[in-house]
Amino acid sequence: MKKRVKILSLILAIAMLVPFATSCKGGDDGESNASESVTDTSREDITEDIGTHYVSGMLHERNVKQTNKEFVKSNGSTDYSIVYDNSDNYAVMAADFIYNNVLSATGAKLGSTAYDGQAYSGDARYIVLNIDEMFGQAGLSMPQKELGSAGYYIKTVGNSVFIMSTGKEGLQMGAIAFLEEVLGYDMVGDNFPVYEKDGKTLPEMEITEKPDYEFRDVTGQLTKSGQYGMGYTNNDIIMPVGGAKWHNSFALLNPEIYYAEHKGWYSDTVTPDMRPTTQKAGQLCYTAHGDKTEYAEMVQTAYERLKAIAEEFPTLSGVSITEQDNYEWCDCEACSAMVKEYGTNSATCLKFCNDVAEKLTEYFEPKGRRLIVYFFAYHGTEDAPATKNADGSYTANKGIKCHKNVGVVYAPIGANFSRSFYDEENTRYAEIMKAWKVVCDNVGLWIYQTNFKNYFYPFNSWDTVAETYRFGKENGAVYIFDQGQMNINEQTAFSKLKEYVSAKLAINVNLDSQKITEKFFKYYYGDGGEYMYEMYNDIRLHLNTLYQKYPSEIKGYIYEGISNSSYWTKKQLEGYLTLIDKAYDAISKIRYTEPEKYATLKEHILLESLFPRYALCTLFADSYQKGELMELRRAFKTDADYFKYDRDSETSANLNSIYESWGIL
């Protein structure tokens with residue numbers, strides 16, 4: 001057969017590097033009388049009555065009235081200026097973000113003014129970012145509600161608007177909310193903003209909000225500007241220890257440095273060069289084998305190292321002491337006694353982190369800085385030291401409790417992510433989360449959105465992600481990390497949709513994920529969205545069918561062998577390529593009128609072609625003539641190389657061995 005998927009030319013690829021804004025403005029011409037809108041308890045018009053698992057008590061108060069106050073004039077100019085503290089990096093980023101999006105959406109150039117004591121006046125046209133003096137001069141005060149580090153307050157007074165926060169990240173979220181109301185702003189993909197309003201008028205606003213998850217982490221493919229614009233926590237949350245944010249216990253207390261004099265700091269499977277004497281990988285011994293003198297020195301050494309690292313990263317709020325990535329745990333006499341006393345391995349790490357955190361708190365708290373020490377609930381430390389009561393609640397064993405500045409990151413790696421945590425198939429993992437809630441006040445939830453054994457293949461966490469986010473929030477999580485493919489440049493199989501949906505739900509867990517999904521396809525693929533949605537929906541339904549047809553094989557786990565000709569047909573995969581060709585044709589109308597937009601949309605579509613093409617090249621190679629197969633494989637390599645797609649699983653070194661077996665390397 002002829003090659004179905006078109007290959008990007010280099011000229012077109014270069015054009016794709018230029019971001020563009022999609023505008024789909026409403027019919028408001030700025031001349032209508034002011035009209036009231038209802039109080040919005042979400043972030044935008046994509047919410048629904050969730051029902052059973054709606055999470056109550058979230059702070060999303062929006063009171064917005066449309067007005068005829070002119071923001072952008074008919075000639076494309078504006079009289080508004082941003083006033084901010086240019087010594088505050090967070091204010092500078094928010095000011096730049098607002099300025100650039102207003103310019104991109106309307107062509108208007110806002111004034112940009114560093115605060116130098118100027119006073120508020122009712123006639124001034126200011127966008128004020130966290131200037132307390134001007135806020136007070138306008139007769140305003142902050143609402144008596146806990147906003148945390150990422151909450152914000154927006155209030156219009158006279159012709160000006162104030163965006164205020166009590167924490168470092170609040171201005172980012174406030175800037176996004178301001179643009180949502182004025183421009184209909186959204187960012188549906190990395191540096192891919194859309195605008196649904198023309199920005200002619202400035203609404204009257206009083207908004208008090210904070211994200212449902214205070215810390216919202218993301219897999220590494222997004223750029224910093226993309227993270228900012230989509231509403232993920234802007235800065236890294238966890239500072240690196242020896243270059244590692246996670247699985248860093250040996251980076252903190254390196255056996256190559258400390259083992260000779262402090263053998264008691266390590267489980268018995270560790271040797272000086274970190275190569276175990278058995279097949280076990282080893283861990284720290286968090287009791288120092290019961291030697292009080294050694295334990296005190298172990299705590300002090302960890303404290304001194306973390307103090308120095310924290311001073312190297314003064315803007316970050318968290319650091320982790322997290323176990324090596326294996327199932328082992330120290331079973332020395334002291335550790336075994338503590339496990340017997342508290343019921344779980346995690347108690348040893350918890351108590352060690354408590355002691356380190358106490359020292360860090362004594363040092364940093366007088367300086368006005370809070371630093372949280374995180375450990376993992378993962379593999380050998382998954383279970384919480386708590387007991388379930390007859391009424392279904394949990395009680396901490398012997399009153400054990402995390403220090404106020406200690407957090408636990410629960411990573412239920414064995415869960416079924418094609419099913420909700422409210423589903424009985426995930427009962428074990430749900431109960432563990434509930435147990436940690438009573439032991440720790442700073443719970444993080446680390447979940448998964450990909451098949452780590454088969455990077456090119458789809459993984460159906462789309463259907464359940466909203467309920468997963470709600471479950472985490474309902475059970476005390478303040479931090480969420482939705483892990484995709486961290487060690488690769490790009491992700492196919494509609495992983496871009498997951499980045500967008502996850503960003504929205506981390507801010508407001510009660511949003512309707514179906515409406516978020518529909519908005520993504522409307523904009524991310526332009527006029528090709530209809531066909532891309534058909535492809536996505538067929539894949540999603542097909543994976544559900546496989547789940548029902550092969551219950552012992554397809555379980556929604558992150559290491560499933562989904563790359564199997566029993567699960568896919570050649571006709572089905574070629575049908576996806578037909579839909580992709582239709583999507584290309586649908587966007588072709590703007591090829592010459594909007595070349596940058598066309599190039600970007602085409603790249604979005606091309607990325608989704610990699611899954612079916614890879615499957616055809618591997619699962620159905622015998623069904624092609626030799627020349628036809630080579631053409632198909634060479635075309636695939638060209639486009640995979642364009643996206644720097646260099647591996648097909650978490651553990652594979654690269655795709656060269658596959659290309660060699662295909663005879664094209």
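Which residues of strand β6 (residues 126–129) point one way, and which the other way? I kept in mind that this is a predicted model, and I found that Y126 and V128 point one way while I127 and L129 point the other way, with all of them buried. I noted beside this that in a regular strand the side chains alternate between the two faces of the sheet.

Next I looked up the partners of β6. Strand β4 (residues 81–84) pairs with β6 in the parallel sense over three bridges, and I saw that Y126 in β6 is the bridge partner of S81. Strand β8 (residues 160–164) also runs parallel to β6, and three bridges join them; here I127 stands opposite V161 of β8.

I then turned to helix α4 (residues 170–183), where I checked the length: at 1.5 Å a residue, its 14 residues should span 20 Å, and because its end C-alpha atoms are 20 Å apart, the two values agree. I also looked up burial, and since 14 of the 14 residues of α4 are buried, the helix is largely enclosed by the rest of the structure. Just after α4, I came to G184, which takes a positive phi of about 65 degrees.

My last entry concerns the second largest pocket, for which I wrote down a volume of about 490 Å³. This pocket is lined by 22 residues, and S149, E214, F215, S317 and R370 are the ones that lie nearest its centre. Sorting the lining by class, I recorded eight nonpolar, seven polar and seven charged residues.

How values were computed
Residues numbered from 1 in each chain as written. Predicted model: local features only at pLDDT ≥ 70, side-chain atom pairs only at ≥ 80, totals over all residues. Heavy atoms only, no water. Helix = DSSP H or I, 4+ residues; strand = E, 2+ residues; numbered from the N terminus. Expected span 1.5 Å × (residues − 1). Buried < 20%, exposed > 50% of the residue type's maximum accessible area, 1.4 Å probe, protein only. 1 Å grid on protein atoms, 1.4 Å probe; cavity = no way out; pocket = protein on both sides within 12 Å on 5 of 7 lines; lining within 4 Å. Points joined across faces, edges and corners; volume = space filled by probe spheres on them. Nonpolar A, V, L, I, M, F, W, Y, C, P; charged D, E, K, R; others polar. Pairing = 2+ DSSP bridges.
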